[in-house]
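Trainee: I am new to this structure. Please go through some terms with me and show what each rests on.

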Amino acid sequence: MDKLNFITAGTPMQAGGYKMACDTLRELNLDGMEIEFVHGVRMSEETQEIMKNTKKNLYFTAHSPYYINLNAKEEEKVQASIKRILDTATMTESLGGYSIVYHAGFYLGKSAEDTYNQIKKCHEEITKKMEEKNLNIWIRPETTGKKSQWGDLDEVIKLSKDFNKVLPCIDFAHLHARSNGKFNTYDEFSKIFEKIGNELGQIALDNFHAHVAGIAYSEKGEKHHLILQESDMNYKDLLKAFKSFDIKGVVVCESPNIETDCKILKDYYLSI
C-alpha cells in the first residue's frame with residue numbers, strides 16, 4: 001500500500017446496508033471497512049455485486065468467524081476452522097479485499113510449543129489449499145487479548161516467518177489488555193514496529209493490518225472494547241509511532257462508536 005488507511009470494523013452505525021455504508025464512508029473521508037463475518041461467511045449475491053460496484057477508492061478487509069480454533073481437541077472442529085478461514089479468504093478476495101484476520105486458537109491446557117506446532121500444521125494445509133485455489137490475499141492471525149488464547153506478539157510473528165502469505169494482525173488493544181496495561185507508550189509501540197521490521201522485513205511494515213480501540217481489562221486480559229476517550233488507550237502516541245515508522249496499510253477501528261473513533265484516529269494522524 002502507498003499510505004495508512006483508516007477503516008471501520010463493520011458498516012458504520014449510521015448506515016443501513018452495504019451500499020449506504022460505502023457512501024457514508026466516503027462522506028466521512030474514511031477509507032473502507034472490515035467486513036464482519038464473525039457468525040459465518042455469508043453474503044448474498046446481490047450484496048456481493050453492490051460491494052464490487054461501490055468499492056472504488058475504498059479498502060475492504062474481513063474478520064473470519066469467531067468459531068475458529070485450530071488447536072481444538074476434536075479433528076472435525078479443526079477442519080471446520082480451516083474451512084472458515086479458507087471461506088473468508090475466498091469471499092474477501094472475490095470482493096477485491098486486502099486481507100483477512102482471525103483468532104487462531106486456544107491453548108486448552110497444552111504447552112505453548114505444542115499449540116504452536118498444531119497451529120503451524122494447520123497453516124501448512126491452509127496455505128497449500130490457497131495455492132491450489134490461486135488465492136492471493138494476506139491471511140493474518142491476530143494478537144489476542146486473553147492469556148488463554150494463542151496469539152501473543154512473538155507467536156504471530158514466528159508463524160508469519162514460516163509462510164509467504166501470512167502476516168500478523170496487530171491488535172494494539174489486545175496487546176494492552178493481555179499484558180494488563182503494558183504496550184501503551186510511544187517507546188513500546190516503536191519497539192513493536194522495530195521488532196516486526198527486523199523479523200519480517202519492510203514488506204510487513206508496508207502492508208500492515210492493525211486493530212485499535214479502547215479496552216477494559218483485568219489480570220486475565222481483555223474484558224470488552226471501550227470508546228477511545230473512555231479508556232486509557234494511548235492512541236495519540238500510537239499514531240505518532242505509526243507516523244514515525246511510515247507504516248502503510250490499514251488501521252481498523254473496533255470501538256463501539258466505530259465511525260466516530262475511526263475519524264478521530266484519522267484526523268489526529270493527519271494533523272501530526
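Mentor: Start with Lys243: its charged end sits over the ring of Tyr269, 4.1 Å from the centre. The model is predicted, so local features need pLDDT of at least 70, side-chain atom pairs count only at pLDDT 80 or more, and totals for chains, interfaces and linings use all residues. Residues are numbered from 1 along each chain as its sequence is written, and side-chain values use heavy atoms, without hydrogens and water.

Trainee: What makes the charged end of Lys243 sit "over" the ring of Tyr269?

Mentor: The term requires NZ of Lys or CZ of Arg within 6 Å of the ring centre and within 35 degrees of the ring normal. Lys243 is 4.1 Å from the centre of the Tyr269 ring. Lys165 likewise lies over the face of Trp138, at 4.0 Å from the ring centre.

Trainee: Why is the pair of Phe193 and Phe245 called tilted?

Mentor: Rings of Phe, Tyr and Trp (its six-membered ring) pair if their centres lie within 6.5 Å; planes under 30 degrees apart are stacked, over 60 edge-to-face, the rest tilted. Here the centres are 5.6 Å apart and the planes at 45°, so the pair is tilted.

Trainee: Why does Lys266 count as buried?

Mentor: Its relative accessibility is 8%, so Lys266 falls in the buried class.

Technical notes
Buried means under 20% relative accessible area, exposed over 50%, partly exposed in between (1.4 Å probe, protein chains only).
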